[in-house]
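Please read this briefing beside the sequence and the structure shown below.

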Amino acid sequence: MTTALILVPVGGALWVWITPWKNTRGPGGLALLIALVELALWVGTAANFDFGRSGLQFQTDTVWFEDLGVSYHVGLQDFTLWLVGLTVLVSAAAIGYGFWVGRERPGAYLGLLLFLEGAVIGVFTAQDLLVFYVFWEAMLIPLYVLIGVWGGPGRLGATFKFVAYTMAGSLLMLVAIIAAGLSAGSFDLAEAGRHQSVWIFLGFAAAFAIKAPLWPFHGWLPDAYRESTPEVAGMLSGVVSKAAAYGFLAIAIPQFPGAVSDWRVPILVLASIGLVYGSLLAFRAPDLRGVIAYSSLAQMNLIVIGLFATNASGNDGALLQMVNHGLISAALFLLAGAVERRTATGQLGLLGGMARGRPVLATVLITTGVIALAVPGSTAFAGEFLILNGIFAQGWGWAVVGAVAIVLAAMYMLRLISAVLHEDVGSAVPVEALDLRPAEIGVIVPLVAVLLFLSFWPAVITDHALQLFGGLP
Amino acid sequence: MIPAAWIALFAPLGGVLLIALLGQRISRFHAGLIASGSTLVSFVCSLIAFLALLGESPDERAHYSTLWTWLSAGNFEFGAEILVDPLSVFMMLVVSGVGFLILSYAVGYMHGDPEERRYHAYKALFVFSMLLLVQSGNLLLLLAGWGLVGLSSYLLINFWHVRSTAVAAGKKAFVMNAIGDATFALALFPLIQRAGSLDFRVVFQDGIAEKSSPVAVLIALGLLGGAVAKSAQIPLHTWLPDAMEGPTPVSALIHAATMVTAGVYLIARTHVLFELAPDIQHLAGILGAITILVAGLIALVQTDIKRVIAYSTMSQIGYMFVAVGLGAYGAGLFHLMTHAFFKALLFMAAGIVIHALSDEQDIRRMGGLARRLPFTYRAFLVGALALAAVPPFAGFFSKDSILGSAANAGTLGWALWGVAAFGAFLTALYTFRLLFIVFRGELSAFAREHLHVPGFECGLAMAWPVGLLTVLAVVGGFLQVPWGWTLVDDWLHPVAESAEEATGVTFTFSVVATTALALAGIALAWRIWARADPLPERLRRRYPWAARTLEEKFYFDAAYDRAFYEPSARSAALALQYVEEPVFLRSLGELGRGVRSLSGRLSAVQTGSVRSYALALGAGAAVIALVFLIVS
């Protein structure tokens, strides 16, 4: 089952890419179909998943290089099931949106998106460090091409930065993996046991910190999010950044308890700075993508804060917030794409007044926006509340910083909502600009619907979090 | 009773979904009916719950019910849990009862607005949120309702989102309330740490914290921060007057009758935690007293009919804060109820005036409307008499309950009594200033030109809720009568024991003195504004600084801009200019150019393919790994 979840998008990617299409809508239709099959496969997996049992399910474990102790070992745990679910849903939305918009060379474009989906699922399910690394690289390479070929006017600079940063991170992680595997005699996550080496921990942490990104490793982020297509930006911030948070959650923190407790405070300091810094810049950003990009920076740093609270509350809150933020930022980037298509700009100063006559756009944007700013009662509130409660146990000062950021989040999200929807009609907004089209509704509303469902029942996620820490939070 | 309470909670949410999903398939009128009808369902269910509680002995009147686990972490859980007890039922009745009247009124008031459906959906969303707030059985869900009422308030303040003032007012209200939400949330963390739960039954147990210990103080302070922001008490009050940008029924329901009084409910509900930090509880009373004074003074110079009433709302909630700050929970909640009646009445009457004058809100353009709008005038007069606490109108009984309790609470009590008694004078003065300017005298020139009175002043849809509230503003006070009975205190007794009111001569003095002050205020208002006396002009010329201070609303807005908004905007700009741009955005761009020109020169080595980079990476990594192994 797990292998099928990886192979369907990867195999589908090859199918979409290799087929010599005559019909221009052919690759899009096939890619969307594959994405939906993958979604159905996930639903089937979830339905057959035994939530009463902890540990790995639907495992595949085949020896790969016996001498090196490498095996193709993949499997699902209850909490990774949610991350995979996030991936298949956001990917389906991204592929559907890309299909509807119609990109150049759709076969290659959508094939790469499918490949990316399969690679991310591989990252979430790999139980062997080398397999994890293979998927990690397989996740980054399509992104280089997706940004560098299909991006906006500044795509080359954006791609260069993205490659430079992530290559550096990958290199350090590879070193760390080799060192960890050779010293433990096995690359398997379950068998490897706990490591004492601070250096190996830092190797992993650097890769995850860059990809998340943790402040100050975010230099690649603004350009990458601004220059890529909306659906790629949605995948990047919604799903790929979660792979980094997953790395902390499933590898760096459980495998290196000693190093984590030594490095907790410096990492929390950086993440706290990133949280406030990202929020402030989101408040100042002149464009839609800028606001979403910097708010993503802030949110990812908040998730890191939750992870490094190293208790049940912070851990569970971080997992919930990973799912929430994945859905929120994907929906926001697709909405930004919808606005940019109508107005040919993302500059907030040129937008405005779009609510009139466009009730669906207004309703969906406001709903997503208020969940993004974590209005009490929403699932994002539930996640942030647990994170701050967790970090409160490490010292009340951290929680106060987080609370300040919550106020800032209200400021930047309301600014975005009003700049697009309210007051006078912006100079770039044509009178005839349409409300959301059925296709746009079809890709964005499911994301928002899941967010609303989670607002009624966030415990569906937190009840099945990784149990790293027992006892009261 | 429990099923009825759950239905009461979810009926308005069902209304929201119905209106949203049916969209244009139903008429605007039917959308309004769905909203008010679902609130009526809530009211009937609240009545059922009330009657069921009435049939039980007072000690048994607390029923918790959990439908599902809302949120969990590790091995502890927060349930989707409601509590049916005298306090929650009391609030449910006020919220759904007054809510139903105002939603019915709004069907008439909003008739013809192009986005009427959205309006009714938001309004029903508000009723759901408010019921969640008062019915919740744990502090986390209470906070959820707390945030959602703030959200619906935001959505309704900027309902007419073409107006930039409305958009700004909505943002301001949301952000100030977000500050309160944040301090509220911070107060919950130490409780979770100590109790492992936020369930009322656990949190309100004895020994959750040492009396007056730092933790107890911080918990109470955090809760008070939330209460002060939500109830627009000084220093987090500046959003409420601006919130008058919303449609008038919104002002009546959210910014007068229900949401803004949530802070009073919160303090009464968590009174156990406040009693562990008496200094903070007293602080609540002191802030309330300051608000009575400041808001009452500002109301004297306001020229917008709704803003005058908004400042009066702030000052009346100040009375409630004085009450709960001194432990007189029954008196505070009693005033909450009567205030809901007469303040909703005043706003709805003002709404009829605004409608009749083609949406004009400036009282300097009004005048002499009594003869043209006799029904509205009488309703407004009853509301004004109740607000000014003239016997036997509703406000008299509740305000004197509060003052009677203050007179029995030692030195601090007497200090607050003094402020509140002077506040009673101010209240009568600004209320009747408004009434005389708007309704008495000759018909103003503007009114002559623009007054447009349809068949019956406002139409039946708007008239009957106003009529019913007029009756309630007259008889609503008889629940608690001096020297008679104390039904509200008795009803709430199982939840919170209210501080005793003064008795005998002290109480008589309190009643007589405040009534005399109120009557003096009315008389002075009559002397000045019913006869266009030049006194205000003379005072203004003589003390220009005082007039300016009042008109600038004691400079709170300007001070907050300078103290909070500008620094955060400036630090964001500095971060962008001096950190983000040069360090993160440009430096790598330079590096990129450098690498590219270097690679141009080294083109012999550079093959340009991703594969060779990957190979180089792998080789480099292997070398470093080897070094690691040798070292370790």
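Residues are numbered from 1 along each chain as its sequence is written, while chains are lettered from A and ligands numbered from 1 in the order in which they are written.

**Confidence**
- The model scores ipTM 0.92 and pTM 0.92.
- Over residues 602-610 of chain B pLDDT stays under 50, and the model has 2 contacts beyond four places in sequence for them.
- Where pLDDT is low, the predicted coordinates should not be read in detail.

**Contact between chains A and B**
- Chain A brings 59 residues and chain B 52 residues to the contact, two residues being in contact if their C-beta atoms, placed from the backbone, lie within 7 Å.
- On the side of chain A that touches chain B, α6(A) gives the most, with 12 residues; helices here are DSSP runs (H or I, at least four residues), numbered from the N terminus.

**Domains of chain A**
- An automatic or database domain assignment gives domain 1 (1-255) and domain 2 (263-473) in chain A.
- The C-alpha centres of these two domains of chain A lie 22 Å apart, and 37 residues of domain 1 are in contact with 42 residues of domain 2.
- On the side of domain 1 of chain A that touches domain 2, the largest share, 15 residues, comes from α10(A).

Definitions and conventions:
This is a predicted model: local features need pLDDT of at least 70, side-chain atom pairs count only at pLDDT 80 or more; totals for chains, interfaces and linings use all residues. Helices (H or I, at least four residues) and strands (E, at least two) are DSSP runs, numbered from the N terminus. pLDDT is the predictor's confidence in each residue, from 0 to 100.
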